[in-house]
Structure formats: structure tokens, C-alpha cells
Amino acid sequence: MSSYTSDLLRVLDERGYIHQTTDAEGLDALAAKQIVPGYIGFDATAPSLHVGSLVQIMMLRRLQQAGHKPVVLMGGGTTRIGDPTGRDESRKMLTDQAIADNIAGIRTVFEKLLTFGDGPTDAVMVDNQDWLGELGYIELLQEVGPHFTVNRMLTFDSVRLRLEREQPMTFLEFNYMILQGYDFRHMAKDMGVRLQMGGSDQWGNIVNGVELGRRMDQAELFGLTTPLLTTADGKKMGKTAAGAVWLNEAQLPNYDFWQFWRNTDDRDVGRFLRLFTDLPLDEIARLEALEGAEINSAKIALANAVTALVRGEDAARTAEATAAETFAGGGSGEDLPVLDIGPDGVRIGAALTELGFTASNGEAKRKLAEGAVKIDGETITDPGHLVTLGEGKQARLSLGKKKHAIIRA
């Protein structure tokens, strides 16, 4: 049983979100007596976030469900610098317009999962470019710089690992942790934000912000991180052979999103139901206990619940129907990914790679040699096979039992 008195920490604990906290008792006491504004930062490097960010978005949802105020911090300013955490190379610079477009794309997912508005527990989205862009660099260094020591900054994993691998780290990136610490301090002063949350790789950056607020303003701030999320087979969450599992439909079709969750490893089903859905814990316990072929119904429940949250109820219903039709055999399924081809057709290997079913033509050749590729139920093994169709015709391409698409003339 949880020993927490606040709904917030009790729910986060029961559902498996808590890895580290700077002061669990202090945060629990605060959350039990008042509304706590809490934030997580997201950089705007692409027009969508991917599944790896979903646990953080769900934490903001839990914050709001427990009667507190979620603050979504978009890194319009810090995106211009690049967070070195977990990276072996410098991030490519983006234009102001690209960053603005990315933020607009990312906001659409948050609008599905959080309630925005002007009320005391309504979510708000802010952009750190609004304050970082106005800072004079000399003034920032004078004000904030004395509170950071290079000795300590060099011990953080984000810096240390890059140096150990002899990968260059620019001075621009080295400043990232100072700016992230400043973000927390700024929002604490201007918006009353008391809590910063994030993944376990952000622990050092979060502690910096907590300490900076204490040293400069004698503010009592809190930090909380989630466990590093990996799948049962040790892979990083949200990455597949075909690339990132994007949250936005423009970057990944609804069916592919649904299918990602449907293909969850048996060992991960319970954990993912707790983290990524609003299903009650007793229902999750029932689903988690299913064995053998019955576990598939738990995976379908997971896929439906997550897809409904992120993409909408209609997307979940259509994807499930498409899967049922496809796996029943013969059905084309209206929600499958589609590859349009011209009158000259397409080589089978190129089709597999273009659809993201294989990461390269080499992998496509291997899958063909294994007999894993079918067109309308007929096994194709020749990598030179040319798929041609009459005008208006279509064919169903399958890789194994789980990946299906429509090729359309």
C-alpha cells in the first residue's frame, strides 16, 4: 500500500511513474493541501512528439486528474541550443518558422489529453523563447552563472558520456542545463510553478533548477522523475525498426499506431496499461492476469485505450475493425497504410522499405528470402519482383502476420 496522503503521489506511485523525487514528503504534504502547478519541458525539434514522450504527457494528465495544474513548457528557446542529454552529436539548427510550425503540430496531442483554459487547474502551454529570447547573455551569466560550477557540470551524464566517447560538445550545448535551471526559476517566480517532472535522464537538470530557485529566491521547489522506459526485450520505448512511433496522425497512420500497441510484449502489457491508459487498476489487474492466447484481448484493450486517448475514439474503432478484417483473411481494411504507384509499378523491396516495413533494401531482401512477404496471400521471394496493377486496382502487401498495407494504382 502507498504511504502517500495526496492523491497525486498516490496515483503516480500506484501506476509506476515514480523513479526519483527531490523531497517526496515535502511534495506529498504540499499536494495534499493546495493546487500544485507542475511542468515538463518538450523541445520542438519535429512536428510531432513520439511514443517515448507519452509517459511524460500522461504524467501531466495525472497531475490534472488529481486536481493540480499542468504547465506544458515548449522549448522554443532551448530548441535553438539543443539538449545534449543522450545524444552523441550536436542537433541541427532550425529556423524560427520551423520551430513555430513544430510547436503548433505538437500542441494538437496535448489538446486531446489535457483540458486547457484559464481555471486554477486548467493546463497552459508556454514557450521559453518568451523569456530566454529577452535575456542579455552577459546579464544572464552575471546573474545565474555564479550558481553553477564547471566541476559539477562535467559530472552530469549528458556531458560526461559525450566526453568519454570523444564526441565534441559545443559551448552552446554546454549552456543548456543553465537555461533549463533558469526556466524553472522563472516559472516559479512568475507562475507559481513548484514542481518539475521528467524522465530519469533529466534528473541532473531538474536538481539544478531546484537548487537555483533555493539559492537565488529561497524558494521551495520539487523535482520528480519517471523510470527509464524500456520494453521487456531491452529496447528503448517508442523506437522500432521502421523508425519512431509518432503521436500525430500526419506522421504515422492510425492503424500503424494502434498496431504498435497491439504488438506489445506479453510482459509489458500490465505496465503499459497502468502508464498509458485511464483504465481502473482492478480492471488492469484482471487483464494482466490473462494467460496464453487470452493475453491478446488485453493487448487489444491496450491498443484501443491508448489510440482512443491520443488519436480519438473513431481512430481506435476503425483500427480495431481493420485489424479484425485483415487477420480474418481476405479483407483489405480501410485504415491500412497505402502506397500509391504509377503505371510502371514498383519493385517489391522498394515497396517494403517505402512503407517502413523494412529499414533498408537489404533487410527487404532477407525478408523475401525467408518467405515472409505476400501479395494478396501469395508468397513472393524474388527481390526483383515488379508489382504492377491496372488503373484503379489495388493489392494487399503483407510482411509476416502483423504488417499489412494496400498498394494502389
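Predicted model: local features only at pLDDT ≥ 70, side-chain atom pairs only at ≥ 80, totals over all residues.
User: What makes E1 and E4 edge strands?

Analyst: Strand E1 (20-21) and strand E4 (124-127) each pair on one side only. They belong to an open sheet of six strands with mixed pairing, in the order E1-E6-E5-E2-E3-E4. Helices (H or I, at least four residues) and strands (E, at least two) are DSSP runs, numbered from the N terminus.

User: How do you know that E3 pairs with E4?

Analyst: Two strands pair if DSSP finds at least two bridges between them. Strand E3 (residues 69-74) and E4 are joined by four bridges and run parallel. In this pairing, Met74 stands opposite Asp127 in E4.

User: Which helices lie on this sheet, and at what angles?

Analyst: Helix H10 (residues 176-191) lies across strand E2 (37-42), E3, E4, strand E5 (195-199) and strand E6 (222-226), and runs at about 145 degrees to E2. Helix H11 (residues 203-217) packs on the sheet as well, touching E1, E5 and E6, and its direction makes about 170 degrees with that of E6. Axes are lines fitted to C-alpha atoms, for helices over the stretch in contact, and angles run from 0 to 180 degrees between N-to-C directions.

User: Why is His186 called buried?

Analyst: Buried means under 20% relative accessible area, exposed over 50%, and partly exposed in between (1.4 Å probe, protein chains only). His186 has a relative accessible area of 17%, so His186 is buried. This residue is found in helix H10. Leaving aside neighbours within four places in sequence, His186 is in contact (heavy atoms within 4.5 Å) with Trp131 and Met191.

User: Is Glu211 buried or exposed, and how do you know?

Analyst: Glu211 has 16% relative accessibility, so Glu211 counts as buried. Glu211 lies in helix H11. The C-alpha atoms of Glu211 and Phe222 are separated by 9.5 Å, and the two residues are 11 apart along the chain.

User: Why is Glu166 called exposed?

Analyst: The relative accessible area of Glu166 is 71%, and therefore Glu166 is exposed. Glu166 sits in the loop between helix H8 (157-164) and helix H9 (171-174). Glu166 has a positive phi of about 60 degrees, although it is not a glycine.

User: What about Gln218: buried or exposed?

Analyst: Gln218 has a relative accessible area of 63%, so Gln218 is exposed. Gln218 lies in the loop between H11 and E6. Its phi is positive too, at about 55 degrees, although Gln218 is not a glycine.

User: What makes a set of residues a nonpolar core, and which members touch the most others in the largest one?

Analyst: A nonpolar core is a set of buried Ala, Val, Leu, Ile, Met, Phe, Trp, Tyr and Cys residues joined through side-chain atoms within 4.5 Å. The largest has 64 residues, and Leu54, Phe110, Trp261 and Phe276 touch the most other members. A second, separate core has 27 residues, including Met153, Phe174, Ile178 and Ile206.

User: Why are H12 and H15 called oblique to each other?

Analyst: Angles under 35 degrees count as roughly parallel, over 145 as roughly antiparallel, 65 to 115 as roughly perpendicular and the rest as oblique. Helix H12 (residues 254-262) and helix H15 (residues 295-311) pack at an angle of about 140 degrees, with their axes 8 Å apart. H12 and H15 are therefore oblique. Among the residues that meet here are Trp258 and Trp261 in H12, and Lys299 and Leu302 in H15.

User: How do you know that E14 and E15 pair, and in which sense?

Analyst: Strand E14 (residues 394-399) and E15 have six bridges, in the antiparallel sense. Gln394 stands opposite Arg408 in E15, and Ser398 stands opposite His404. The hairpin of E14 and E15 has three residues between the strands, and there Gly400 takes a positive phi near 65 degrees.

User: Where does E15 stand in its sheet?

Analyst: E15 stands between E9 and E14 in an open sheet of five strands with the order E9-E15-E14-E11-E12 and mixed pairing. E9 and strand E12 (378-379) are the edge strands. Strand E9 (residues 338-340) is joined to strand E15 (residues 403-408) by three bridges, and the two run parallel.

Terms used: Residues numbered from 1 in each chain as written. Heavy atoms only, no water.
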